[in-house]
Structures are given as C-alpha cells and as structure tokens.
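Open the model in your viewer, keep the sequence beside it, and follow the stops below in order.

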Amino acid sequence: MKRLIIFLSTLLLLLFITSCQNHLAVFDPLHTSEAIPSDTPDGTSPQVVSPSSVPTHTPGPDSTQAPVLTATPTPAPTPIPTPTPVPVVPPVPSTESPDTPVTLPAISQDDALSIIPIEYQILKLFKSDKAIRYIGYKEQNPDFDYEKVFLYVNMGLDLPFYTNINTIKETNRIDVLVNKYNKLPDDFTPQLEQLPASICSPGMGNQYLRKEAKEAFEKMHYDAKKLGLNITAYGTYRSIALQHSIWAGKVNSGRTIADVDRLNSRGGHSEHHTGLAVDVIKNNSTVEKSDEFKWYKENAHLYGFIIRYPKGKEKITGYSYEPWHLRYLGVDIATEIYNSGLTFEEYYALMIVD
Ligand SMILES: [Zn+2]
C-alpha cells in the first residue's frame, strides 16, 4: 500500500511538471525556444535580452520592439559621414582681399578701350567687357604690364574674395578650379573610392578620393615607400555641409572672418569637395621639415599632383602656404605647373578657361 501511494504521488508530480512546461512555452515572450537571427542591425553578436533591457537608442522606427531579436539586418551605413547642422552664418564678402579693392574709374567703356593700347587688345587674355576694370586695376598697380593686369582681373583679383562668385557647371572635370571666386553647387557630390587604411594617417578615419586621384596617390605612396618615406593621406574628401560647419564653427567661436578665411574655405569653395585634394601626413608646418616633403615637392607632379597653395602666392590663391595640401590635376597639367612656377589660378586663366 505504501509503495502504491509513492508511485501515485510520483506520477502526479510528473504530470504537473509537464503541464507547467507546455504552459510556459505558449507564453514565451522572447521566443527563446526558437532560432536566434545570426545578424543584428549594428553587426554585433545577437543576445537574448529582457524587454526592460532593450536599448532605446537603437536606430530605426521599430526600436522599442526588441530589435536585437526580431529585426532583419539593415544595409551598411553610408560610408561618408554627414555632419550635424550648425547655425548658418550668412555669406558675407571677405574683409581680406588680394589688394585694396579697386575703385572703378568713372569712365565709359569707350574711354577705357581708347586708353588700352590696341596691340594689347588683340591678346587672347583681353576681354572687352572688363575694360573699365582693367583701367582701374592698372591705375592701382602702375608697375604691372597690361598682360599681367588682364590676367589678374580675369582671375577676379581686383575684387574682394567671395564676391562676384561663379557657380561651377562642369563639376566633374579633373581640371576644375574651385576657389574663393568659384563655388561648387550645394548638391554636388563626386564619385568616390575608399583608400586602403594602410596608406592613411592613423586615427583620421576613412579616407575617400576620386578614382583617378586615389590610384595616383597609391602609386606615389608605394614608390616613396621604396625610398623609406611614408606619405599618408591625412585628409581627403569633405562634404560641402561639413566644410560649412567647420567654417561657421570657427566664426561662431569668436574669430574674425578674415582670420578664419585665411585657413578655412567656406562651404562649396574647398578643393576637398572635389575628391581630388589630399592633405598628406599632417596638416601643419612640421610637414615642411620632413624628408617626405623634400621628396614630393620635387616629384609629386610625376604622379599628377601639385602643391596647391605655394609659399609667397597667398594673394593669388587666397590661402596661407600649405605644404601639406596636394591637388590632383593629372600628370600633364601638374608637370606644366611645376615647370612654370605658376599657381593653378594663373595656369587656369592662361591655359584652360576660354
Ligand atoms: Zn587641404
């Protein structure tokens, strides 16, 4: 009899446990009995979480619905970071200009044409619609011959920086001129390729250039490497929005616009938007003392790069000397600029623009 009671008690206990297990499975809120997805939206290892520990900052509209376990993988994030918007500083003419801004002489177009010797009016650089500006600039710079006057006025140097701004139309040309008078459209984005991390400066994040510039930079990097030199990419493509935020942030911090303009482009006016410019090694003056600089100063053109903002040319380029900033233009143009000693602004006005 005692053995029968023990047997019946054990049987009842087993029936009770089985019943509880079935009951729990029906109400399993996290589907812990099912297979866990192998990927999660942020690429981390999947975890079993309780509803109270579901992160509320998970991206996407379903962030409150246990995304770690139920969401399908999302596409890889856009590689180019976009900055957070900053307060917009309204565009204003720079207080710094290449020379004292020229006051236009109070003369007619016919008077201006009668002053400019006829033998100069047949030069390709001569543009009759700029005749009055030529006269004004010549009066201010009597030592300049007419060729130089035509060239500099055609480049816009008789006007303050950030005035008379041209919006660039042929944005994808390798020889595109971007400066304080020539701006890329706000919606411009080039086709970019990522540089291998091994040829980039450590800690500066992913770097992107246009295909042509990337291939040329890689070739230059590896050729220099054979000589024991390490020419790395420190800064490459920047979006127009990011450039604007950098510039506006510096102005909003209390520096004068002239001071900021000397080193920082305004949004749309930076060569870094083109995907054709690369700051190498580190963007400060120590670069000039490096063996790498001594080498690329004499060899970068063989790979299609120029030192874009040379020493002593600040009034033409609008920027302080930047030994670290290289611009890709292709071997032919870069070699002509290297051999001539011209800035790209001068070369462009002489050789490229109509
Ligand atoms: Zn730069």
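Which residue in strand 8 does Ile306 stand opposite? Select Ile306 and look across to strand 8, where Arg327 stands opposite Ile306. Before going further, note that residues are numbered from 1 along each chain as its sequence is written. This is a predicted model, in which local features need pLDDT of at least 70 and side-chain atom pairs count only at pLDDT 80 or more, while totals for chains, interfaces and linings use all residues.

Now show the whole protein chain, which has 13 helices and eight strands; helices (H or I, at least four residues) and strands (E, at least two) are DSSP runs, numbered from the N terminus. Of its 354 residues, 31% count as buried, where buried is defined as having 20 or more other C-beta atoms, placed from the backbone, within 10 Å of the residue's own.

Next select the four strands that form an open sheet in the order 5-6-8-7, with antiparallel pairing; two strands pair if DSSP finds at least two bridges between them. The edge strands, each pairing on one side only, are strand 5 (233-235) and strand 7 (305-309). Neighbouring strands of this sheet are turned by 50° against each other on average, direction ignored. Strand 7 is joined by four bridges to strand 8 (residues 322-328), and the two run antiparallel.

Two residues are in contact if their C-beta atoms, placed from the backbone, lie within 7 Å.

**Helix 8**

Move on to helix 8 (residues 240-252), whose end C-alpha atoms are 18 Å apart, in agreement with the 18 Å that its 13 residues should span at 1.5 Å a residue; the expected span is 1.5 Å times one less than the number of residues. Within helix 8, pick out Ile240, Gln243, His244, Ser245 and Trp247, which are buried. What covers the buried residues of helix 8 includes helix 9 (257-263). Helix 8 is followed by Gly254, whose phi is positive, near 110°.

**A pair of helices**

Finally, select helix 5 (residues 131-140) and helix 6 (residues 146-155), which pack at an angle of about 115° with their axes 9 Å apart. Here Arg133, Tyr134, Tyr137 and Lys138 in helix 5 meet Val149, Phe150, Tyr152 and Val153 in helix 6.

Conventions. A residue is buried if 20 or more other C-beta atoms lie within 10 Å of its own, exposed if 12 or fewer, and partly exposed in between; C-beta atoms are placed from the backbone. Axes are lines fitted to C-alpha atoms, for helices over the stretch in contact, and angles run from 0 to 180 degrees between N-to-C directions.
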